[in-house]
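Visitor: I'd like to go through this one label by label. Could you show me the structure and tell me what stands behind each word you use?

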Amino acid sequence: MIPSYTLSTPAIFDITPITGNGTDRQLTVTLLIFILDPLKMPSVMLNSVSVDSLVNVRKFNAARYLHRTSTIAAIPDELLSAIFHIATHDFHDCYDAIFHATTISHVCQRWRNVSLSTSSLWTIIVLTFPTHRTQFFRTIDWLARSRSRPLHLYMDFRDPAWNWDEASHCFSWKNMENVMRLILPFAHRWQKVELLTDTWAPIFTFLSYTSRIKSVPMLQDILLSRCNAFFAAKGELFRPSAMKHPVSWFGGGSAFHSLRRVSLAGVHVNWANSGLTGLLELELKYHASEVMPTLHEFCDIISACPELERLNILGWGPQIDVNVAPKQRTLYLPHLRDFAFGFIDVDHAIDLLSLFYFPALKTLSLEDISSSLDPLHPCDSSRLLEYLTAAHHGSCTTLSHPFPCATCSPYPLSLISSLELHGLTSCGASLRCFLQETVTLDHLVLSGLDKTNLQAIVPDLIAAALCPSLLDLKFNDADPTIVPLLASLPVGIVRSSNSPSMRVVVVADVADSDDAKHELMHVLWAAGVEVVISGNVTS
């Protein structure tokens, strides 16, 4: 707890002597904003500062307005430490956390003493390609300064200049081995681990080293990504084949105690001993189909995560053998609210979707992955949309379920509030029938839809004949042709007075002077719809 204090003597409020360049001064002023208005403190402080401490801040605030003067030197070290914690952790970018911690510790001697004694400032470990010695020296310092605090490891070893030849990458298994020798002794403090690579060798090294770990009591989040979506293409095999054998990471999964969020992109493990239990979020994407779990292994993982709230499957799901019945006819996830599904093959997609039951679903995203991997041969998504529409009305045909079967609706489209459709190619009738079920939808994102589908649904979306509760409609296309296409909407469309006001956002590369842009704005304004057109403006 921060000790109480009073301000009995006014002092001169002057930050100039303790600040060096403009960056330092700007950071100081930012910190002082938190001091002068504690109500702006983010919620992250609730676990770091007691209620009494906040009261003390209010006293400081009142004293300043009473005396009209103040001094940063009067701030107790404990409060200054808490402010430093906010300044370094109120960012989504790990690089910002590194920069601000370093900046704070170089403002003045007192700030350096306080910052070095504030272990929470040094908990984000960043290692990037190319790995210079200075990064390792910095990491050694930060590991020591963070003392016993939980660690966030962010490792990005991708090379923008890589030529896609697996053997020629400058970051090899040997480089990853050096990294693992540095961070492995602190595995008991890992709380979040992010590893991004271009090739498989560094991932394989990470998995091999972690297989020896007996316990990671603090680990809650793992994100491993081999950033190559093309392995998910139909018919693609895993490469290098010599390293295809799955590794039993983290002691065969027994090392996990508090794991809650897992994202594996192009990364496979020994699925039978994965330790993926009790998760709140799971993401599997861009794997070669041959390294995905079997249907039994997949069912075991999902069944071991009954509290799952978010599930992303992009690319291939489990290896489904139609001649082998699953252990469970239905995978029931009563708490799942967010489901993102990207598919390569429509038949496989329908087989997989037929296993799930998501009664609490609120956010749904559907994407044709094949359209980006092979633009000349996209899937026809009509049967997939028709399946979801029929399943919404269907009744359960299974004799034994742990839930009532009279009105089984595995995908409650009428309860969904947010929907995203990316790259879908289908007949207009299938898409219309699908959208007719989303009567409570308030947020819709469309990208990569063909002209036929757009012409079939957009006029009725504007007029509220489809999705009558819609509040936001976003067209997220880099293709500038989306603007003239939308501008050609039939004249005279008017939004129903019984529906809420709607905003249309168009993200596209289009010039401010483009006639189609102004025409589109005129058409939508005339329909009673707010419109925003944004993107990279071209000349």
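This is a predicted model: local features need pLDDT of at least 70, side-chain atom pairs count only at pLDDT 80 or more; totals for chains, interfaces and linings use all residues.

Visitor: What makes the pair of Phe 341 and Phe 343 tilted?

Guide: Their ring centres are 6.2 Å apart, and the limit for a pair is 6.5 Å. The planes meet at 35 degrees; stacked needs under 30 and edge-to-face over 60, so tilted is what remains. Both rings also belong to one aromatic cluster, together with Phe 298, Phe 339, Phe 356, Phe 358 and Tyr 411.

Visitor: Why is the pair of Trp 122 and Trp 142 called edge-to-face?

Guide: The structure holds 20 aromatic pairs. In this one the centres lie 4.8 Å apart and the planes stand at 85 degrees, so the pair is edge-to-face, given that the label asks for over 60. It ties together distant parts of the chain: Trp 122 sits in the loop between helix H5 (109–117) and strand S1 (124–128), while Trp 142 is in helix H6 (residues 133–145), 20 residues apart.

Visitor: How do you know whether those two Trp residues are buried or exposed?

Guide: Trp 122 has 0% relative accessibility, so it counts as buried. Trp 142 comes to 5%, which is also under the 20% cut-off, so Trp 142 is buried.

Visitor: What lies over the face of Trp 122?

Guide: Arg 145, at 4.5 Å from the ring centre; the distance limit for a charge over a ring is 6 Å. Another case is Arg 212, whose charged end sits over the ring of Tyr 209, 4.4 Å from its centre.

Visitor: Why is Ser 81 called buried?

Guide: Its relative accessibility is 17%, and the cut-off is 20%, so Ser 81 counts as buried. Ser 81 is found in helix H3 (residues 77–89). Beyond its neighbours within four places in sequence, Ser 81 is in contact with Val 114 and Thr 118.

Visitor: And why is Lys 192 called partly exposed?

Guide: Because its relative accessible area is 32%, Lys 192 falls between the 20% and 50% limits. Lys 192 lies in strand S3. Setting aside neighbours within four places, its contacts include Leu 151, His 152 and Asp 221.

Visitor: Which residues are buried in helix H7 (residues 173–183), and what covers them?

Guide: Met 176, Glu 177, Val 179, Met 180, Leu 182 and Ile 183 are buried. Their cover includes S1, H6, strand S2 (151–156), strand S3 (190–197) and helix H8 (200–210).

Visitor: How much of the protein chain is buried?

Guide: Buried residues make up 50% of its 539 residues. The chain has 17 helices and 16 strands. Among contacts with a separation of 6 or more, 77% are between residues 24 or more positions apart.

Technical notes. Residues are numbered from 1 along each chain as its sequence is written. Side-chain values use heavy atoms; hydrogens and water are left out. Rings of Phe, Tyr and Trp (its six-membered ring) pair if their centres lie within 6.5 Å; planes under 30 degrees apart count as stacked, over 60 as edge-to-face and the rest as tilted. Helices (H or I, at least four residues) and strands (E, at least two) are DSSP runs, numbered from the N terminus. Buried means under 20% relative accessible area, exposed over 50%, partly exposed in between (1.4 Å probe, protein chains only). A charge sits over a ring if NZ of Lys or CZ of Arg is within 6 Å of the ring centre and within 35 degrees of the ring normal. Contact means heavy atoms within 4.5 Å.
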